[in-house]
Amino acid sequence: MISIRAHLNNIALHHTVFDLPFALIGALLATDGHPRLIDLFWIVVAITTARAASLAIDNWADLKYDSQQPRMASRAMVRGAISKREAGVFIAICFAVLIYAVLQLAPICIYLLPLAALPCIIYPFTKRFTGYCHLMLGVAIAMAPAGGWVAVGGPVLSVPLAVLCVGVMLWMAGFDAMYGAQDRKFDLAHGLHSLATENGAKNAFGIARIYHLLAVVCFFDLGVLMHLAWPYYVGVLAACVVLVYQHRILRWNDFSRLNQRYFMRNGLVSIFIFFCTLASYCI
């Protein structure tokens with residue numbers, strides 16, 4: 001019998017908080033704050049199923065390593081609650097729903113879907129050969145605002161869109177580099193790569209700080225380029241505070257505070273910026 005709870009565990013549905021708000025931001029910006037509700041609905045469906053498929057692919061690809069990593073013992077596939085075949089069927093269903101949802105949006109979206117899906121598919125395998133795999137994860141997450149923007153008819157070639165996507169990429173890459181540093185010894189022993197394995201945990205944290213600084217600059221510049229009202233900048237400031245707090249409570253040689261609560265707190269960045277972007281169109 002298929003366990004819905006096991007599949008929800010496998011895809012970590014709550015992690016959608018990292019990309020869905022930025023997808024909605026993309027839609028807001030591309031329509032000057034007036035996206036159609038039906039478009040927002042299909043954007044939510046598309047982003048949710050894309051995220052679910054990418055997480056399932058990640059866990060499927062990494063099962064060999066996760067099974068040897070004590071920190072991953074609670075994952076559904078590691079516990080045997082979901083077989084590889086069941087995961088494969090789930091991924092196929094997600095892609096089918098994703099394609100249907102994308103077909104309801106701007107016609108260009110279906111043609112760009114393979115390009116947008118590619119980073120999500122190849123990200124799990126980049127850990128096998130490069131320490132900059134975190135940037136690939138950032139690119140995958142950045143497909144969300146790009147998708148939201150294009151889904152409502154925004155131009156594909158756009159400076160504000162590029163700035164938004166780069167900001168999201170750097171934000172996620174910095175966070176993932178810090179989070180992944182705790183696995184440095186395991187990754188070295190198993191031939192996996194990260195910023196921490198290539199540069200040491202201390203330097204990885206330093207690079208993550210640079211990523212986050214540049215991300216905040218991108219978010220600020222986006223407001224200037226799009227002539228957004230003052231509430232947007234409140235959101236950028238709030239996001240900056242979250243990032244500074246994360247760097248202050250975590251040390252490269254002490255991961256005792258690196259828990260699920262810390263992980264999910266990163267989602268406040270996308271939430272704050274989304275609501276403040278929305279507010280900037282309401283005053």
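Which residue meets the side chain of Arg36 in a salt bridge? The partner is Asp39, at 3.1 Å from N to O. A salt bridge here is a side-chain nitrogen of Lys or Arg within 4 Å of a carboxyl oxygen of Asp or Glu. Buried stands for under 20% relative accessible area, exposed for over 50%, and partly exposed for values in between (1.4 Å probe, protein chains only).

The model is predicted, so local features need pLDDT of at least 70 and side-chain atom pairs count only at pLDDT 80 or more, while totals for chains, interfaces and linings use all residues. Residues are numbered from 1 along each chain as its sequence is written, and side-chain values use heavy atoms, with hydrogens and water left out.

**Salt bridges**

Six salt bridges are found in a search of the whole structure. Three of them are listed below.

| Pair | Distance, N to O |
|---|---|
| Arg36 and Asp39 | 3.1 Å |
| Lys127 and Asp58 | 3.4 Å |
| Arg51 and Asp19 | 3.8 Å |

The side chains of Arg51 and Asp19 meet in one of these bridges. Arg51 lies in helix 3 (residues 37–61) and Asp19 in the loop between helix 1 (4–11) and helix 2 (20–30), so the pair links distant parts of the chain, 32 residues apart. Helices are DSSP runs (H or I, at least four residues), and strands are runs of E with at least two; both are numbered from the N terminus. Arg51 counts as buried at 10% relative accessibility, and Asp19 does at 6%.

Lys127 and Asp58 form another salt bridge. This pair also joins distant parts of the chain: Lys127 is in the loop between helix 7 (108–126) and helix 8 (133–151), and Asp58 is in helix 3, 69 residues apart. Both residues are buried. A network of salt bridges links Asp58 and Lys127 with Asp62 and Arg128.

**Nonpolar cores**

A nonpolar core is a set of buried Ala, Val, Leu, Ile, Met, Phe, Trp, Tyr and Cys residues joined through side-chain atoms within 4.5 Å. The largest one has 75 residues, and Ile43, Trp171 and Phe219 have the most contacts inside it. Helix 9 (residues 159–180) supplies the largest share of this core, 14 residues. Apart from neighbours within four places in sequence, Ile43 is in contact (heavy atoms within 4.5 Å) with Ala23, Leu24, Ala27, Leu105, Gly148, Ala151 and Val152. A second, separate core has seven residues, including Ala53, Ala56, Phe90 and Cys94.
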